[in-house]
Amino acid sequence: MATLVLGLVIFLGLHSTRISAEPLRAQAIARLGEGPWKGIYSLLSAIGFVLIVWGFAQARFTAPALWTPPPGARHATILLMLVSMLLLAGYFFKQSHIAVAVHHPMVWSVAVFGLAHLIANGSAADVVLFGAFFIWALADLMSSYARDRRNNVVYPEPSWGATIGAIVLGLALWAVIAFWLHFWLFGVSPLAG
């Protein structure tokens, strides 16, 4: 579990610089330059992500169960993951009604992803992993909306073409994950049983 926690600290810590250390982040970018900052940020993020995957793979079968998911949890998770994938797709279609409505669709996608997996999984490793992403996403959303208000951010008018694109992409992502990728990566089919 220590490897999982270390990975989360590195990955989510880096992704929290805009939440808790915006001035320090700006100073680091000014001192290093944007290119080197992005390079270091990307390298450390990749290290954190690898540690998360490795740590979770180690902990998921030995972590104690904290609760048993209630009946219907799997169905709720499947539905919430569809919402998560539609939100993620909205990130790539900035003028979709999805993106314009929530303003930060990728972060919303992470929040829904974390919640969905907390509902269906009750081990300590699951709570640490998915709970960390859920809490981080909520903190990031609060910070992002406050920053938008401070900067008087104006969002574009929504476009039906972009919305249709987001819906098609979101449905495709969900289908690939639900019918193939989740089982291939984790050995568990979300649609089984």
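This is a predicted model: local features need pLDDT of at least 70, side-chain atom pairs count only at pLDDT 80 or more; totals for chains, interfaces and linings use all residues.
Figure 1. The structure holds 8 aromatic pairs. In one of them, Phe-11 and Phe-133 are tilted, with 6.1 Å from centre to centre and 50° between the planes. This pair links distant parts of the chain, since Phe-11 belongs to helix H1 and Phe-133 to helix H8, 122 residues apart. Ring pairs also bring in Phe-49, giving a cluster of Phe-11, Phe-49 and Phe-133.

**Figure 2. The ring pair of Phe-113 and Phe-130.** Phe-130 is buried, with a relative accessible area of 7%, whereas Phe-113 is partly exposed, at 28%. Their ring centres are 5.7 Å apart and their planes meet at 75°, so the pair is edge-to-face. The pair links distant parts of the chain: Phe-113 is in helix H7 and Phe-130 in helix H8, 17 residues apart.

**Figure 3. The largest nonpolar core.** This core has 19 residues. Leu-4, Leu-8, Ile-52, Leu-129 and Phe-133 are the residues with the most contacts inside it. Two or more core residues come from each of H1, helix H4 (34-59), H7 and helix H8 (124-150). H8 gives the most, with 8 residues. Leu-8 is in contact with Gly-13, Ile-52, Val-128, Leu-129, Ala-132 and Phe-133, leaving aside neighbours within four places in sequence. In soluble globular proteins, nonpolar side chains tend to be buried together.

**Figure 4. Ser-16 in the loop between two helices.** Ser-16 is found between helix H1 (2-14) and helix H2 (17-20). With a relative accessibility of 17%, Ser-16 counts as buried, because the cut-off is under 20%. Ser-16 touches Ala-21 and Trp-136, not counting residues up to four places away in sequence.

Figure 5. H5 covers residues 73-92. Its 20 residues should span 28 Å at 1.5 Å a residue, and the end C-alpha atoms are 29 Å apart, which agrees. The buried residues of H5 include Ala-73, Thr-77, Ile-78, Met-81, Ser-84 and Met-85. An α-helix has 3.6 residues a turn, so residues three or four places apart point the same way. The buried residues of H5 pack against helix H6 (97-102), helix H7 (105-120) and helix H9 (160-186).

**Figure 6. Lys-94 and the ring of Tyr-91.** Lys-94 lies over the face of Tyr-91. The distance from the ring centre is 3.4 Å.

How values were computed: Residues are numbered from 1 along each chain as its sequence is written. Side-chain values use heavy atoms; hydrogens and water are left out. Helices (H or I, at least four residues) and strands (E, at least two) are DSSP runs, numbered from the N terminus. The expected span of a helix is 1.5 Å times one less than its number of residues. Buried means under 20% relative accessible area, exposed over 50%, partly exposed in between (1.4 Å probe, protein chains only). Contact means heavy atoms within 4.5 Å. A nonpolar core is a set of buried Ala, Val, Leu, Ile, Met, Phe, Trp, Tyr and Cys residues joined through side-chain atoms within 4.5 Å. Rings of Phe, Tyr and Trp (its six-membered ring) pair if their centres lie within 6.5 Å; planes under 30 degrees apart count as stacked, over 60 as edge-to-face and the rest as tilted. A charge sits over a ring if NZ of Lys or CZ of Arg is within 6 Å of the ring centre and within 35 degrees of the ring normal.
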